[in-house]
Amino acid sequence: MIESFRLLNQHGAKLWLGSLLTAITVFVLLAVPQFFLGIMLSAELVSLQDLLKNMIASPGSVGEAAAHLGVGLLKYGGWILGYAVGSILLTWLASAFYTAALTGAVREASLEDRVSLSCFFSYGFRYLFRIIGLEILLALIFFVVSAGWGALYLLLRDQTPLLIVWAIVGLLLGLLLISSAIHSVVVLFSEGTGIFRSIGYGFRVSLFQAGTSLVSLLESIVVGALSWSVILLVAAFPWLVLQFFEDSTVADIVGIALAPVAIALLGVFPTILSLGVFFRRYLLYIQDRLFPEDRLEPVRMKSFDQEEKQNQLPTG
């Protein structure tokens with residue numbers, strides 16, 4: 001925890017500024033295309049809205065309503081559906097780019113003790129598709145495990161002792177999955193491994209170094225909770241001060257106006273601190289045990305030609 005706050009003290013300004021510039025850039029590149037596409041599709045949206053209003057105002061049979069709605073969707077809904085799907089994909093790409101950029105920057109600050117504004121965009125482009133692939137695979141793993149665990153509940157719902165065991169094991173399993181997912185990301189950015197190897201190493205850390213990984217997870221939660229408490233206190237401070245005045249309307253207006261701004265500007269710090277915990281503890285307690293071969297000193301071997309020459313030398 002101390003290492004995490006030391007990281008914030010040494011590189012917090014650059015990490016905050018870089019994350020802010022990255023977020024603004026991503027938002028502009030995301031919002032501008034959606035804004036112009038929304039303007040282009042405004043006529044289709046109005047026509048579809050009028051069709052729905054007419055159907056509600058003058059309801060007929062179910063068949064007629066379904067037919068009118070089908071014709072309307074075929075006429076106006078194709079572009080709107082494409083716009084919605086495109087917006088979701090753009091938002092996902094922007095989120096993955098920002099996640100890769102911020103994680104890579106925290107990695108540089110934690111492991112290399114340096115960070116630059118350019119590394120945000122460098123990591124964002126280099127790890128964009130790897131972080132997307134990792135998210136997809138982890139989501140599939142979570143879905144399969146959750147579905148299986150939920151099906152097990154249906155078999156045990158009438159047996160209270162077994163349900164208690166089911167809940168305890170489920171909590172431990174959830175912590176294991178969360179820890180494995182986060183350490184997969186840490187290994188991906190620290191070692192530059194592929195997606196499948198990163199997931200494998202993440203589960204290996206959580207299974208064979210369970211105590212260390214659990215401490216990292218709990219420490220990151222504590223650090224994140226403490227930092228969020230400070231941020232919420234800063235956001236609410238103007239409103240609390242203005243409560244001493246008679247007119248509470250001004251306090252409410254100031255609180256509503258300033259609190260979201262403060263949270264938006266400072267909300268990245270809990271993520272920076274939590275990631276810093278994982279990267280620092282990975283460097284100190286996990287990396288050497290996960291990759292023991294890196295600690296071996298290289299041994300200089302004699303070449304085959306040198307051995308031949310030595311064998312040909314006359315003996316005394």
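Me: With which residues is His 183 in contact, leaving aside its neighbours within four places in sequence?
Reply: This is a predicted model, in which local features need pLDDT of at least 70, side-chain atom pairs count only at pLDDT 80 or more, and totals for chains, interfaces and linings use all residues. Residues are numbered from 1 along each chain as its sequence is written, and side-chain values use heavy atoms, with hydrogens and water left out. Contact means heavy atoms within 4.5 Å. On that basis, the partners of His 183 are Gly 202, Val 205, Ser 206, Ser 213, Ser 216, Phe 278 and Ile 286.

Me: Is His 183 buried or exposed?
Reply: Buried means under 20% relative accessible area, exposed over 50% and partly exposed in between (1.4 Å probe, protein chains only). Because its relative accessibility is 0%, His 183 counts as buried.

Me: How many aromatic pairs does a search of the whole structure find?
Reply: Rings of Phe, Tyr and Trp (its six-membered ring) pair if their centres lie within 6.5 Å; planes under 30 degrees apart count as stacked, over 60 as edge-to-face and the rest as tilted. By this rule, the number of aromatic pairs in the whole structure is 7.

Me: What kind of pair do the rings of Phe 97 and Phe 125 form?
Reply: Their centres are 5.0 Å apart. The planes stand at 70°, so the pair is edge-to-face.
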